[in-house]
Amino acid sequence: MPQIVFDKVEKHFGTLQVLPPLDLSLDDGEFTVLVGPSGCGKSTTLRILAGLETLSAGEIYFDGSPISNLEPKDRDIAMVFQDYALYPHMNIARNMSFALRLQRVAKAEIDTKVQKVAEMLNIAHLLHRKPAELSGGQRQRVAMGRALVRDAGTFLFDEPLSNLDAKLRAKMRTELAEMRDSIDKNMVYVTHDQVEAMTLGDRIVVMNNGVIQQQGTPEELFKQPVNKFVAGFIGSPT
Ligand code: ADP
Ligand code: MG
């Protein structure tokens, strides 16, 4: 698990500056939640980390080595997207094993890994179905499973629960909290949902307009918000 450091990372889309110089450290084995209102730059931050978007200035370091020239596949990162992006023509087992098959991992090893992750996520009975035969919650589990079968040191989640209804979201939140405790990896979880942030984060990073307002444990943010934005967003008494 690498320690990840953003060093004065900037992102511009044309004249729109989404990230002013951003400094951020993500420590080994931590579950960090990046929370902030819609449009504040959370997805952009994750996408730059995963290599799906270039940075305009600055650098990101993994254990002291710069990574901005590395292809996404060479970054030891697996990402779970908001919209699932499952392959409709492949069954669940093949969806989950897609990256491993690309890496030419041996079939026996792939089967073992897929089975293990599928059991953890309660989808082992669905491995032979197609995505269209699954519910939204089941599809979301598959999307997570597809990332988790990869032995990446860092997992990124971009609002993975936002397409689920409120009841299912609450259930998945609890399951994610259990999963968090059983997996010793770097996890960066992006959400605009304060409850998710407060439930899941070992550490919470509050962002607004690309600027980090405060970082701390849920308790620190709740008890000692540094400004009105954080207080209002986290729901602290003021
Ligand atoms: P969040 O994930 O916090 O909702 P994003 O990182 O997706 O925010 O977006 C931050 C800002 O960058 C928004 O104003 C968005 O419209 C803009 N943006 C994101 N991606 C692009 C893009 N590819 N081209 C132009 N503007 C973009
Ligand atoms: Mg987003």
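Where is glutamate 159 found? Glutamate 159 sits in the loop between β7 (154-158) and α5 (166-182). The helices (DSSP H or I, at least four residues) and strands (DSSP E, at least two) are numbered from the N terminus. The model is a predicted one, so to speak of a local feature takes a pLDDT of at least 70, and side-chain atom pairs count only at pLDDT 80 or more, while totals for chains, interfaces and linings use all residues. Residues are numbered from 1 along each chain as its sequence is written, and chains are lettered from A and ligands numbered from 1 in the order in which they are written.

Now for the overall picture. The protein comes with 8 helices and 10 strands. Its radius of gyration is 18 Å, close to the 18 Å that the globule rule gives for 238 residues, so the protein is as compact as a globular protein of that length. Here the radius is taken over C-alpha atoms, and the rule is 2.2 Å times the number of residues to the power 0.38. Along the principal axes, the C-alpha atoms fill a box of roughly 50 × 40 × 30 Å. Of the 238 residues, 37% are buried; the cut-off is 20 or more other C-beta atoms within 10 Å of a residue's own, with 12 or fewer counting as exposed, anything in between as partly exposed, and C-beta atoms placed from the backbone. Taking contacts between residues at least 6 apart in sequence, 64% join residues at least 24 apart. A contact here means C-beta atoms, placed from the backbone, within 7 Å.

Back to the loops. Glutamate 159 has a positive phi of about 45° although it is not a glycine, and it counts as buried because it has 20 C-beta neighbours inside 10 Å. Asparagine 122, in the loop between α3 (107-120) and α4 (136-148), also isn't a glycine and has a positive phi, near 60°. With 12 C-beta neighbours inside 10 Å, asparagine 122 counts as exposed.

Helix α4 is mostly covered, with 11 of its 13 residues buried, including Gly137, Val142 and Leu148. What do the buried residues of α4 pack against? They pack against β6 (77-80), α2 (92-102), α3, β7 and α5.

Strand β3 (residues 31-35) is mostly covered too, with 5 of its 5 residues buried. Phe31, Val33 and Val35 point one way from β3, and Thr32 and Leu34 point the other way. Pairing (at least two DSSP bridges between two strands) links β3 to strand β8 (residues 186-191) in the parallel sense over 5 bridges, and to strand β9 (residues 203-208), also parallel, over 4 bridges. Valine 35 stands opposite threonine 191 in β8 and has valine 206 as its bridge partner in β9.

Elsewhere, an open sheet of 4 strands has the order β2-β1-β4-β5 with antiparallel pairing. Its edges are β2 (16-26) and β5 (65-66), each with a single partner strand, so one side of each is left without a neighbour in the sheet. Strand β4 (residues 57-62) is joined to β5 by 2 bridges, antiparallel, and phenylalanine 62 has serine 65 of β5 as its bridge partner.

Key:
Two residues are in contact if their C-beta atoms, placed from the backbone, lie within 7 Å.
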